[in-house]
Structure formats: structure tokens, C-alpha cells
Amino acid sequence: MDLRNGFDIRRHIRTIPDYPKPGIKFRDITTLLANKHAFRAAVDELMWPFLSAGVDYVVGIEARGFILGGAIAHELGLGFLPIRKKGKLPRKVIGKDYQLEYGVDTIEIHADAISKGDKILLIDDLIATGGTAEAAIDLIQESGGDVVAAAFIVSLPDLGGAQKLIDKNIKVHRLVDYDGE
Ligand code: AMP
């Protein structure tokens, strides 16, 4: 997880205690995105293992996964496919419900976005419990896609999400781990 050039990405991530609710430490990457060196370093570090991986599409999860995934797709010379919250995509979709701490949410992808055998790199800013990423992986696999890896700036290993994906034989690439929730 050490970055190749020793760049300290962690220094550019801001922690907001008790947001959005008491007890949660929100890892805010807007400060990283705003810094030209940190943004470039994060995008480079997320994508470099996949330069020669034969990826066909980058898939990003709304909304921070769009910012990172768009930049990564551009750098890799690939197209970008969005996974969006329910009701945002205009054509036929397939959807997946996933568990939030309280209640259920749904994400969707266009039914015709991925063809059988397409190799996909999945991007989001952070993996916590892994519920969002798991639902996204289900959508990609149901569409016939093959998930090459899932890549995140931040992992919260105490919440078990990265391990959950690894147990499903998904490669997980993450840049920094934070202890706790
Ligand atoms: P999960 O489904 O539990 O892995 O949660 C991952 C999604 O929720 C990602 O899209 C994150 O942007 C967001 N998220 C969850 N926990 C945090 C946190 N502590 N700080 C910032 N974003 C979070």
C-alpha cells in the first residue's frame, strides 16, 4: 500500500467526526480532489496496476466514483460506465438492492452497457462494509462482465468490506487503510 513515490495521500484526506451521524468518522476526499498533486497521485496510484490488464471499461459508482473513475478511464484510454442511484438512468436498467445501516438502497446500470466477457475495473472512493461494491459487482456480473479488480482510495478494514470482496475472488486495490469506522 506504500505509494511508489512516497507521496502522502493520507495527509490530503480530511476526517470529519460525527458526520453524517454521531459515531461516524467521515473520510472527506474533497480536499484531496482540490489539490492538484494529490488528485494526480491518487488517480495514478489507482490505475497503474491495470495499465496492461486488458480492461475494457471503467465502471464508477455515483457520485465520488464518477470523479475518480472518469479520470482513470481517460488515463487508461478507456470508456466509462456509470452505476447510478435508482431512477437516474434514462434507458432500460438492471438494479440491485443493498443494505444500508438503516434501510435499503438501490443502484442501477444500463442493461445494454456491458457485453458478455467485457473486462471491468470498478472504482469508488471508499470501501466500508462493502455492501455498495458487492451490489455493483453483482450488477456487472449479471450483465456478463468480468470484474478485473475493484479499486478504492480508502478502505476501512474493521468494517470487513475489502475482505468480503477478496473472499469472493475479487482483487481489491486500495491506497490507504483507516482503523475504526
Ligand atoms: P459501504 O457500502 O459500507 O462499503 O460504503 C461505501 C460507500 O459509502 C462509498 O460510496 C462511500 O463513499 C460511502 N462511505 C461509507 N462510509 C464512509 C465514511 N466513513 N466516510 C466517507 N464515505 C463513506
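A polar contact is defined here as a pair of N or O atoms within 3.5 Å; within protein, one atom must be able to donate a hydrogen and the other to accept it, and residues adjacent in sequence count only if both atoms are side-chain atoms. The structure is a predicted model, in which local features need pLDDT of at least 70 and side-chain atom pairs count only at pLDDT 80 or more, whereas totals for chains, interfaces and linings use all residues. Residues are numbered from 1 along each chain as its sequence is written, and side-chain values use heavy atoms, with hydrogens and water left out.

The shell around the ligand holds 14 residues, of which Asp-125, Ala-128, Thr-129, Gly-130 and Thr-132 come nearest (a residue is near a molecule if one of its heavy atoms lies within 4 Å of it). Two or more shell residues come from each of β2 (25-28), β7 (119-127) and α4 (131-142), and β7 gives the most, with four residues. Helices (H or I, at least four residues) and strands (E, at least two) are DSSP runs numbered from the N terminus.

Asp-125 belongs to strand β7. Its side chain also makes a polar contact with the side chain of Arg-64, at 2.8 Å. Asp-125 counts as buried because its relative accessibility is 5% (buried, under 20% relative accessible area; exposed, over 50%; partly exposed in between; 1.4 Å probe, protein chains only).

Backbone geometry was also examined. A cis peptide bond, with omega about 0 degrees, joins Tyr-19 and Pro-20, and Pro-20 is placed in the loop between β1 (14-17) and β2. Asp-18, found in the loop between β1 and β2, has a positive phi near 60 degrees although Asp-18 is a residue other than glycine. A cis peptide bond also joins Glu-62 and Ala-63, with omega about 0 degrees; Ala-63 lies in the loop between β3 (57-61) and α3 (64-76).
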